[in-house]
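Hi,

Here is the structure I promised to pass on. My notes follow below it.

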Amino acid sequence: MSVKEVLQSLVDDNMVDTERVGTSNYYWAFPSKVLHARKCRLEELERECEEGKQRKIALQQAADKAKVGREINEEREALLKELGALKDERDQMKAEVEKYKECDPEVVEEIHNVFAIKSWAKRKFGFENSRLDKAFEIPEDFDYIN
């Protein structure tokens, strides 16, 4: 490795400063610069550490505050069981509603509108049903609900 490469490596690592004056390049390094950089970095890390400690304390206080009223007792256990039962009942009701979704008046109206538009396009432009279905990506099994 040549002196020029070593010097460029030191410049890249900010261990040596450089300045071009006229046609010459001047290089220098002050021991106090490294010390100053280390002190600044140390202060920054100490500040971050202190902020982290403060945040930890605040989060701990928030967690302690949230625990108030959540102590395990018979009333809470009963309420949690009731909540679980109500969630199960809600899920069952959602499944029941999903079974009857195809009978929803809005869905039936949309199906009716699709067939009305298909009928109009067939009369107006003389298209075949299969061509309309393909053009508008209507599935083959699309039909009224029985």
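**Asp 133 and Lys 118**

Leaving aside residues up to four places away in sequence, Asp 133 touches Lys 118 and Ile 138. Contact here means heavy atoms within 4.5 Å. This is a predicted model: local features need pLDDT of at least 70, side-chain atom pairs count only at pLDDT 80 or more, and totals for chains, interfaces and linings use all residues. Residues are numbered from 1 along each chain as its sequence is written, and side-chain values use heavy atoms, with hydrogens and water left out.

The side chains of Asp 133 and Lys 118 also make a polar contact at 2.7 Å. That term covers a pair of N or O atoms within 3.5 Å; within protein, one must be able to donate a hydrogen and the other to accept it, and residues adjacent in sequence count only if both atoms are side-chain atoms.

Asp 133 sits in helix α5 (residues 129-135). Lys 118 belongs to helix α4 (residues 105-125). Helices (H or I, at least four residues) and strands (E, at least two) are DSSP runs, numbered from the N terminus.

The classes are buried under 20% relative accessible area, exposed over 50%, and partly exposed in between (1.4 Å probe, protein chains only).

Lys 118 has a contact list of its own: Asn 129, Leu 132, Asp 133 and Ile 138, again not counting residues up to four places away in sequence.

**The aromatic pair**

A search of the whole structure turns up one aromatic pair. The ring centres of Trp 120 and Phe 125 are 5.7 Å apart and the planes stand at 90 degrees, so the pair is edge-to-face. Rings of Phe, Tyr and Trp (its six-membered ring) pair if their centres lie within 6.5 Å; planes under 30 degrees apart count as stacked, over 60 as edge-to-face and the rest as tilted. Trp 120 is partly exposed at 44% relative accessibility. Phe 125 is partly exposed as well, at 49%.

**The hairpin**

Strands β1 (residues 17-21) and β2 (residues 24-28) pair antiparallel over five bridges. Pairing requires at least two DSSP bridges between two strands. Thr 18 has Tyr 27 in β2 as its bridge partner. Arg 20 stands opposite Asn 25 in β2. Two residues separate the strands of this hairpin, and Gly 22 in the turn has a positive phi of about 65 degrees.

Asn 14 lies in the loop between α1 (3-12) and β1. Asn 14 is not a glycine, yet its phi is positive, at about 60 degrees. Most residues other than glycine have a negative phi. Asn 14 is exposed, with a relative accessible area of 57%.

**Domains and annotations**

The chain divides into domain 1 (3-102) and domain 2 (103-145). Those bounds come from an automatic or database domain assignment. The domain centres, taken over C-alpha atoms, are 55 Å apart.

UniProt, in an unreviewed entry, lists residues 1-31 as "domain: Mnd1 HTH". That span is 35% helix and 32% strand, with its end C-alpha atoms 24 Å apart. The unreviewed entry also lists residues 35-103 as "coiled-coil region". Here the chain is 86% helix and 0% strand, and the end C-alpha atoms lie 79 Å apart. UniProt positions are in the numbering used here, feature names are shortened, and annotations may be inferred rather than shown by experiment.

Best wishes
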